[in-house]
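Here is a short briefing to read alongside your model. Keep the sequence and the 3D view open as you go.

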Amino acid sequence: MKKLINAFIIIGICGLLACHSKTTEKQEPVKQNPAPKQPVAEQKQDNHHEHVDQMAFVEYLDDGDYFQILARKGDSTFCFINETDNNRDLNRGDQIQVIWKKGTVTVPGDNDSEMPALLLLSVKKLGDGPVTSFRNTYGKKLKYTWSTDEEFTTSYLNKVYQLTEYYLTQTKNPLLQAAIKKRDQLTYSIESAERNGQQYRVIGIAPVGPNGSTIVQWLYVGEEDGRIYEYDLPQDKLIAFD
């Protein structure tokens with residue numbers, strides 16, 4: 001398995017923002033105001049050579065100064081400046097072909113200084129990944145809730161939803177595997193917790209039964225590094241989910 005959110009990011013922010021938003025079931029993404037015009041990435045003449053690679057899609061990074069796409073090839077993670085593809089129809093693990101070249105981007109607020117970047121020229125889907133296959137076979141939306149003390153952006157809630165979906169495609173938890181096979185409704189909760197001096201976002205996943213739902217798997221997501229851990233209740237320890 002792959003680390004879900006432990007990627008080297010060339011520019012931009014992978015952090016999580018906060019806003020007022022509350023819902024109990026994943027629906028179509030909430031429409032937001034058009035994003036402000038993004039800074040323009042520049043291409044150096046001596047970096048005109050195009051590269052073509054096949055990779056696995058990880059996620060879209062749209063919270064920084066530049067729209068970006070994160071992808072993996074083997075053990076390497078690549079972050080591409082994405083100014084050519086406005087679609088958001090790729091799911092984690094989908095196989096893609098990317099055409100890119102080296103260039104530079106300006107750093108807003110830093111005297112317009114330049115830094116190296118990988119500029120995406122085009123991206124094409126080649127095959128379904130585990131999340132796409134899961135959606136096609138499971139065929140239901142996941143439900144979710146969170147504490148009234150927490151405030152999350154729509155973008156962050158979507159990230160957690162996609163992370164949870166990906167975990168369900170890889171889980172070894174027999175209760176979750178059985179629920180997925182029977183296409184039982186699944187739900188999860190989102191909360192914050194501190195453990196051994198570290199801050200985590202905690203996701204509790206549960207099948208929904210006739211008598212309600214009981215959480216059968218806890219996931220801990222590191223606030224600083226974004227790494228995912230399964231909580232082992234009998235041993236009271238976190239196990240890295242790779």
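**Around Ser 189**

Leaving out neighbours within four places in sequence, Ser 189 is in contact (heavy atoms within 4.5 Å) with Thr 145, Val 202, Ile 203, Gly 204, Ile 215 and Trp 218. This is a predicted model, in which local features need pLDDT of at least 70, side-chain atom pairs count only at pLDDT 80 or more, and totals for chains, interfaces and linings use all residues. Residues are numbered from 1 along each chain as its sequence is written, and side-chain values use heavy atoms, with hydrogens and water left out.

**The chain as a whole**

- The secondary structure comprises three helices and twelve strands; these are DSSP runs numbered from the N terminus, with helices being H or I of at least four residues and strands being E of at least two.
- Of the chain's 242 residues, 42% count as buried, where buried means under 20% relative accessible area, exposed means over 50%, and partly exposed lies in between (1.4 Å probe, protein chains only).
- Among contacts in the chain with a separation of 6 or more, 62% join residues 24 or more positions apart.

- Ser 189 lies in strand S7 and counts as buried because its relative accessibility is 15%.
- Val 202 lies in strand S8 and counts as buried because its relative accessibility is 2%.
- Not counting residues up to four places away in sequence, Val 202 touches Ser 189, Ile 190, Glu 191, Ala 193, Trp 218, Leu 219 and Tyr 220.
- The C-alpha atoms of Val 202 and Trp 218 are separated by 6.8 Å, with the two residues 16 apart along the chain.

**Nonpolar cores**

- In soluble globular proteins, nonpolar side chains tend to be buried together.
- A nonpolar core here is a set of buried Ala, Val, Leu, Ile, Met, Phe, Trp, Tyr and Cys residues joined through side-chain atoms within 4.5 Å.
- The largest nonpolar core has 27 residues, of which Leu 168, Leu 186, Tyr 188, Ile 203 and Ile 205 touch the most other members.
- At least two residues of this core come from each of H1, strand S6 (143-146), H2, helix H3 (174-182), strand S7 (186-195), strand S8 (198-209) and strand S10 (217-222).
- H2 gives the most to this core, with eight residues.
- A second, separate core of twelve residues includes Tyr 60, Ile 69, Leu 90 and Ile 96.

**Helix packing**

- Helix H1 (residues 130-138) and helix H2 (residues 154-170) pack at about 85 degrees, with axes 9 Å apart; axes are lines fitted to C-alpha atoms, for helices over the stretch in contact, and angles run from 0 to 180 degrees between N-to-C directions.
- That angle makes H1 roughly perpendicular to H2, a term used for angles of 65 to 115 degrees.
- From H1, Pro 130, Val 131, Phe 134 and Arg 135 meet Gln 162, Glu 165, Tyr 166, Leu 168, Thr 169 and Gln 170 in H2.

**Positive phi in two loops**

- Arg 183, in the loop between H3 and S7, has a positive phi of about 60 degrees although it is not a glycine.
- Arg 183 is partly exposed, with a relative accessible area of 37%.
- Asp 236, in the loop between strand S11 (228-232) and strand S12 (237-240), has a positive phi near 50 degrees and is likewise a residue other than glycine.
- Asp 236 counts as partly exposed, at 44% relative accessibility.

Methods. Parallel < 35°, antiparallel > 145°, perpendicular 65-115°, else oblique.
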